[in-house]
Amino acid sequence: MAGFGSFLEVLISGLLAGVLYSLVALGYVLIYKASGVFNYSQGAMVLLAGLALVRALGFFESQGIPYAAALVLALLFAAAVMALTAWIIERFILGPLVNQNELTLFMSTIGAAFILEGVAQMAFGSEVYPLRMFPKDAWILGEAYFPGGILINKLDIWGGVIAAVLVAAIALFFQRTKTGRALRAVADDHLAAQSVGIPISWIWFVVWFAAGLVALAAASVWGTKLGVQFSITFLALKALPVLIIGGFTSVPGAIAGGLIVGAGEKLAEIYLGALIGGGIEYWFAYVLALSVLMVRPQGLFGERLIERI
Amino acid sequence: MFYREAGQFKTSYAADMAIFPIRQDRIAMLLLLAFAFAGVPLLAAFHVPPFNSEYLLRAIILPFLILSLAAIGVNVLIGYCGQVSLGSGAFMAIGAYSAYKFNTGIPGLWLPPLPTLASILLGGLMASIAGIVFGIPSLRIKGLYLSVATLAAQFFFDWLFLRVKWFTNYAPSGSVSAPELSFFGLTVASPVEKYLLALTFVCVFALGAKNLARGNLGRQWMAIRDMDIAAELIGIRPLAAKLSAFAVSSFIIGVAGALWAFVYLGSWEPLAFNIDRSLQLLFMVIIGGLGTILGSFLGAAFILLLPIALSQLPAAVGLKISTATITHLEFIIFGSLICFLLIKEPLGFARLWQIGKEKLRLWPFPY
Amino acid sequence: MSEPKSAPAEALLSLENISLSFGGLKAVSDVSFDIRKGEIRAIIGPNGAGKTSMLNCINGFYHPQQGRITFKGRTRKSMRPHEAARGGIARTFQNVALFKGMTTLDNIMTGRALRMKRGVLWQLLRAGPALREEIEHRRFCEEIIDFLEIEHIRKTPVGKLPYGLQKRVELGRALAMEPDLLLLDEPMAGMNLEEKQDMSRFILDVNRRDGTTIALIEHDMGVVMDISDRVVVLEYGRKIADGVPADVQGNQKVIDAYLGVPR
Amino acid sequence: MANSEARNAAAAYADFDTFPKHLRHHARIRAQRPAVRQKDRGIWRTWTWSQVEEIVLCLAHAFRKLGIERGDRIAIAGANRPKLYWSMTAAQALGAVPVPVYADAVAAELTAILENAGVKIAVVQDQEQVDKFLEINESLGCIQHILFDEKRGLSDYAQENLLDIDTLLDAARADFARDPDARAAILREIDAGTGSEISVMLYTSGTTGRSKGVMLSALGCVSAARDTAGFDNLSDRDEELAYLPLAWVGDHYMNYAQSYVAGFCMACPESPETAQQDLREIGPTFYFAPPRVFEGLLTRVMIRMEDAGAIKRWMFRHFIGVAKNWGEKILNRKSVPLLARAHYALGERLVYGPLKNVLGFSRIRVAYTAGEAIGGDLFAFYRSIGLNLKQLYGQTEAFLYVTCHKDGAVNVETVGPPAPNVTIRISDEGEVQFKSPGRFVSYYKDEARTAETVTPDGFVRTGDAGIFDAAGQLRIIDRAKDVGKLLNGGLLAPKFIENKLKFHSAIREAVVFGGGREYAAAMINIDLTAVGNWAERHNISYGSYQELAAHPGVYEMIQKNIESVNEALAREPMMADAQIKRFLILHKELDADDGELTRTQKVRRSFVAERYRPLVEGLYDGSAEADIATDVTFEDGRTGRVSARLRISGAKTVPPAAKERAA
């Protein structure tokens with residue numbers, strides 16, 4: 001045990017890692033909130049967005065375009081890919097399944113995940129592609145107070161910044177835009193939304209596109225951290241406990257859940273893992289989530305349902 | 001068209017409540033069973049194609065039977081009781097590793113090595129106990145929240161069997177091998193013997209599951225599934241109903257897991273029971289048809305055979321495609337077919353079967 | 001039919017000073033009334049008067065914040081659902097709450113769940129005692145099917161049935177519990193004249209033949225006045241009248257409530 | 001030894017001249033074979049012959065305790081329930097006379113019958129019947145006890161003379177247990193019964209005037225039933241569903257008498273709504289239905305097939321065509337080319353077999369239709385798909401059979417040769433007259449009408465006009481008094497034309513006029529199911545029967561139907577003059593409650609002509625419209641007045657050229 005300094009370092013790095021989980025979780029929340037669909041394919045979307053980004057970046061750079069311009073072009077390209085994806089999913093999968101039960105919709109997104117994973121790798125390759133969008137070096141802070149100081153990754157800070165920007169953007173979107181307000185109406189009652197004349201297919205497209213952009217943001221951070229590769233889809237599974245802790249429908253919940261999971265996981269690994277064997281971060285988040293649910297079945301920030309009969 | 005039901009009337013409730021009340025169905029079922037139990041081994045013995053191929057029995061029919069069994073277990077929980085679980089793979093793993101431990105003996109508990117059958121059933125029992133424990137949250141957590149919560153079981157047991165070496169008898173590679181299979185003195189080794197073993201298990205369990213599902217317990221499960229509040233108000237205890245579904249479901253899944261490890265794989269690693277297995281089972285019951293035993297078989301056949309068919313297809317039509325591309329294509333086609341089926345028939349193959357049967361019964365009328 | 005019962009029967013259930021609220025919203029405030037053994041007790045009132053909430057308190061789906069419930073001589077603050085069911089309270093719902101994926105027969109059989117005792121192992125074999133038990137209860141349910149005249153839909157999944165028949169099946173499921181107290185929440189809503197007559201006949205038959213105590217919510221005043229022994233009237237969660245149909249009908253407060261006179 | 005026993009039994013069998021004696025015989029010979037089934041509480045409850053015997057003895061004992069003596073009358077009312085049938089046998093066991101009455105008869109109709117019969121006890125099905133009988137008895141007063149089968153809704157009834165059959169049975173069982181002689185006494189009563197006693201009284205609904213009580217003797221019933229059971233080889237292995245009205249001779253003959261004589265099992269449906277399903281479950285081997293049932297069934301078959309997919313529709317049409325060509329020949333065991341036989345066999349697998357299965361006809365060996373003439377095409381359809389459907393011609397006065405088709409010699413134009421032991425002659429006026437074993441004794445308390453009906457030499461006048469064809473088969477043309485002449489001298493047989501019209505699925509009922517007029521004209525009732533379905537497919541919306549009936553499109557369709565009938569008539573030399581020139585579609589369905597139909601759903605032509613006189617005038621005075629106002633009875637018993645303005649339309653007749661060519 002390295003004392004309080006080491007504890008603080010673990011805590012901070014955990015919290016920041018948690019923010020990165022939140023980035024992925026935000027995509028789920030967006031879609032669930034607006035359409036009641038639990039989107040298993042969010043992980044595949046991150047993979048698709050990441051591959052599109054990194055391969056386009058490589059291509060533009062190889063054409064002699066300066067890095068900054070190439071990056072902008074690549075981001076635009078990836079965004080376009082996500083828009084197309086959103087359109088296809090809405091048009092061919094979710095559209096025909098409107099009014100089906102939650103479970104069927106969930107299964108269909110698993111099907112979509114298979115398709116996206118296959119398409120992404122077929123179109124953009126299936127190797128590990130390094131991405132250098134954000135600095136990966138670290139800061140050492142507080143050497144004055146703790147022996148050896150506290151090591152903080154710059155990338156994690158970037159992740160936090162991006163998450164903050166996204167949350168703000170989503171909040172603005174929901175509060176201020178007509179489509180955003182419509183989205184909330186749709187979430188409450190599909191029929192009601194239809195009766196006030198909002199085309200539900202448009203709303204679903206918008207929300208899937210938004211989730212695609214969130215996936216792109218997540219991919220840029222995670223891609224920088226790990227390289228863009230197939231295993232990035234497993235992030236989806238990492239983000240699920242974040243989601244249940246925060247509640248499926250809550251944007252702030254996704255952030256808070258991420259922080260809790262990130263910090264809890266790291267601390268547990270260090271302090272608990274030593275006792276019962278390593279690798280517990282693999283399941284710790286889930287058990288944490290389960291305990292939270294036992295107390296609050298709708299998650300920390302979820303909306304409580306009053307049952308009527 | 002094949003049905004001649006005129007004159008088939010029931011003079012007792014027992015006959016009216018039979019699994020196959022229609023004579024033609026009974027005959028078809030008996031023929032099928034006779035073929036499965038006697039026909040297939042005989043054909044194999046006399047080397048009649050395609051049953052002379054070891055590949056067919058060992059790599060297609062055997063896994064189909066065992067996964068059908070697991071799917072029946074999953075269906076009890078999801079299809080009959082409406083509790084969505086994504087942790088079925090873990091319960092298979094519990095069945096497999098517990099059976100392994102019982103089969104090889106647990107000196108710490110003064111347990112000598114137990115016979116294969118006892119080990120397999122005890123494996124199911126262990127899974128059942130774990131199922132009850134992880135089913136407790138279902139009392140407060142509903143719907144998708146519950147399904148995600150069940151992933152906790154999946155990841156916890158994945159980790160447990162990987163990291164806790166006691167379960168693998170400290171095998172250095174982490175991989176374990178099943179001892180010789182022996183039932184009441186009979187050794188089961190050849191593909192045909194293994195096939196008959198798995199077939200027996202599947203038939204017995206399918207019958208048992210069907211009996212439960214159409215009895216008092218099954219009705220309670222379905223009541224909880226269809227409208228839990230009303231069920232509670234007519235005196236059904238959600239706790240008992242849900243936990244019994246978890247227990248029965250996990251037991252069947254656990255036995256299937258033990259069979260999967262002992263009979264099909266022979267030697268295995270925890271990877272054999274990861275989240276992909278859970279999702280695969282989930283697909284089987286949904287594509288096959290929730291709340292039907294038949295659907296478990298149809299779903300298992302489809303999900304298992306589809307990738308095999310897909311991987312054989314390019315070669316069969318003479319296309320030369322790189323293996324990576326084939327894998328990706330498989331992903332795409334598999335995903336598309338899933339979506340297509342969900343859109344076309346959300347109630348699964350069993351529903352299609354039922355519609356087809358109804359059509360035959362009413363033939364030539366359309367309805 | 002309308003002649004008063006001779007000796008004043010004892011109360012099967014009494015509710016004292018029940019208050020119930022959701023968050024800040026008061027659904028029921030300080031309501032007391034009783035239901036006597038063997039009577040048909042109607043609860044009426046305009047929409048949103050708290051009638052269904054009262055039934056929900058009686059069978060334990062809601063837990064009132066204040067008040068006491070005495071059922072069969074035992075007094076408690078609130079009921080629990082399965083406790084109510086075991087105590088002999090059955091219920092039908094305003095918006096039919098059947099098990100949609102099951103047949104008429106299976107729905108009614110669920111009403112017998114409490115009385116079926118055979119263990120899982122026997123059920124697994126579906127032989128011996130389990131089969132005998134199943135048949136015995138099937139026989140019971142068939143009597144109900146015969147009574148409610150729903151033979152022709154015995155094996156139809158209830159989701160496919162028209163509304164009127166669903167209401168009947170739901171009554172069948174409640175009857176299968178052999179209840180002492182039967183709570184009916186708008187049993188005749190959305191029915192035509194003929195269906196209403198049938199339903200009234202069933203309710204009266206159950207009451208007369210089996211001596212089942214019945215509490216019902218109903219909007220059709222004709223039916224209420226015809227079949228009920230006593231009527232309690234709620235408005236905005238408060239009791240405004242209680243008595244035999246003739247008295248209640250003449251009560252000025254009740255007339256105002258129904259005509260919407262501002263208070 | 002077993003052989004001689006059987007021989008003895010067979011010899012003794014010939015002496016059984018009453019139904020109770022037959023019951024005792026079966027209870028001895030086939031004690032454990034099923035006698036009666038009833039779909040009850042979801043399953044087919046089955047009673048063996050020995051159980052039935054015990055119940056009937058108990059019931060008879062109960063009747064006796066209630067004061068029933070030889071010759072008393074007992075009314076039976078309700079649906080086809082075993083206990084009602086058993087009550088008949090129990091009454092017969094005591095020498096009393098069961099009087100089954102129509103369950104749906106209105107009170108006034110019923111009062112007349114009960115008064116005429118002077119019934120002492122009524123055995124009824126349920127609360128509905130109890131209410132009716134209680135009401136009637138307030139004025140009648142002769143009914144001493146009312147016994148009921150289903151106690152639902154009756155627990156509140158305080159009337160002392162209201163008795164539950166089950167309670168009576170329990171009491172009787174107790175009596176038997178206590179006093180062995182009680183049972184023996186009933187057995188003695190059965191032995192004392194003779195074939196000359198009246199076995200049953202059936203009230204005919206008659207197309208004119210009040211109902212008459214047809215008295216049938218026990219031996220007459222038994223002999224008639226035995227003759228025909230032998231004719232069709234009925235045995236104790238046959239099964240049958242009893243679904244026809246108890247009071248109709250058809251039911252009493254087919255379900256009651258035949259079952260006792262042949263010893264087969266009779267099944268009772270669960271409720272009228274489930275009768276079709278119950279028929280399918282039982283899969284009877286012997287079946288009897290009036291043409292209207294076969295007609296309704298075919299209409300539903302055609303409607304359902306119209307909703308089938310294109311391939312199935314094609315397949316259906318194709319194989320029905322094949323059946324039309326060969327089915328009848330195969331059924332009559334004529335020689336048929338091998339290829340056609342194979343083609344038909346394929347059709348049997350794909351269409352006819354399954355069709356018969358869904359209709360519940362798979363196991364039928366013999367099916368009869370009677371009551372009125374059946375359309376030729378309708379008849380041919382069922383025979384072509386392999387259903388051995390035959391016609392019989394009969395009357396209550398004959399205990400049903402006068403003639404019937406022989407297997408292998410079936411011709412739809414005729415009703416077959418005289419049944420075994422029946423003698424038939426055609427009077428000079430062309431009326432069919434017969435003498436048969438089952439011939440009735442007389443009308444109860446109605447000597448005058450008995451004398452009108454029975455000739456001095458013992459033949460019964462049927463009132464039908466008929467001729468024998470070359471093969472010795474009887475052909476019924478019409479009611480003797482209905483056959484008329486047009487002004488130009490052409491023959492007009494209204495029933496003949498009406499039946500041709502009714503074969504079209506859109507036409508439910510038709511009334512043809514023209515006797516003493518210039519030409520034939522028709523009033524049409526459309527079939528709401530068939531036309532409603534047609535309207536749905538053509539996006540025609542309608543609010544009521546009346547609105548649909550008046551729709552121009554419907555008129556057009558009916559006109560086409562009539563014209564096709566005219567073409568068919570043109571081909572018949574004797575009928576060619578009676579083609580229909582003008583018609584109208586009635587605004588309401590003809591209804592037994594309004595007196596327009598008899599209880600057996602036959603048109604009362606003269607009544608209709610009188611009631612709709614303005615319309616009939618309209619048909620002949622050339623006007624395009626006619627007004628009518630009529631009183632109607634609604635379902636709930638209220639009456640009201642309906643008035644309407646109906647369109648009258650013309651139909652093309654086939655020119656004489658065609659007639660000449662045909663001739």
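Trainee: How many salt bridges are there over all chains?

Mentor: Start with the general idea. Side chains of opposite charge can pair when their charged atoms come close. In this predicted model, the count comes to 83 salt bridges over all chains.

Trainee: Take one. Which residue does Arg41(C) pair with?

Mentor: Asp34(C). The closest N and O atoms are 3.8 Å apart.

Trainee: Is Arg41(C) buried or exposed?

Mentor: Buried, because its relative accessibility is 0%. Asp34(C) is partly exposed, at 22% relative accessible area. The cut-off for buried is under 20%.

Trainee: What about Glu134(C) and Arg126(C)?

Mentor: Their side chains form a salt bridge, 4.0 Å from N to O. Glu134(C) has a relative accessible area of 6%, so Glu134(C) is buried. Arg126(C) is buried too, at 12%.

Trainee: Now chain D. Which side chain meets Glu617(D) in a salt bridge?

Mentor: That of Arg517(D), at 3.7 Å, N to O. Look at where the two sit. Glu617(D) lies in helix H22, residues 613–621. Arg517(D) is in the loop between strand S23 (507–513) and strand S24 (520–526). The pair therefore ties together parts that are 100 residues apart in sequence.

Trainee: How accessible are Glu617(D) and Arg517(D)?

Mentor: Glu617(D) is partly exposed at 33% relative accessibility. Arg517(D) is partly exposed at 26%.

Trainee: Which residues do salt bridges with shared partners join into one network?

Mentor: From chain C, Glu143(C), Asp146(C), Glu149(C), Arg168(C), Asp198(C) and Arg201(C). From chain D, Asp40(D), Arg41(D), Arg45(D) and Arg152(D).

Conventions
Residues numbered from 1 in each chain as written. Chains lettered and ligands numbered in written order. Predicted model: local features only at pLDDT ≥ 70, side-chain atom pairs only at ≥ 80, totals over all residues. Heavy atoms only, no water. Buried < 20%, exposed > 50% of the residue type's maximum accessible area, 1.4 Å probe, protein only. Helix = DSSP H or I, 4+ residues; strand = E, 2+ residues; numbered from the N terminus.
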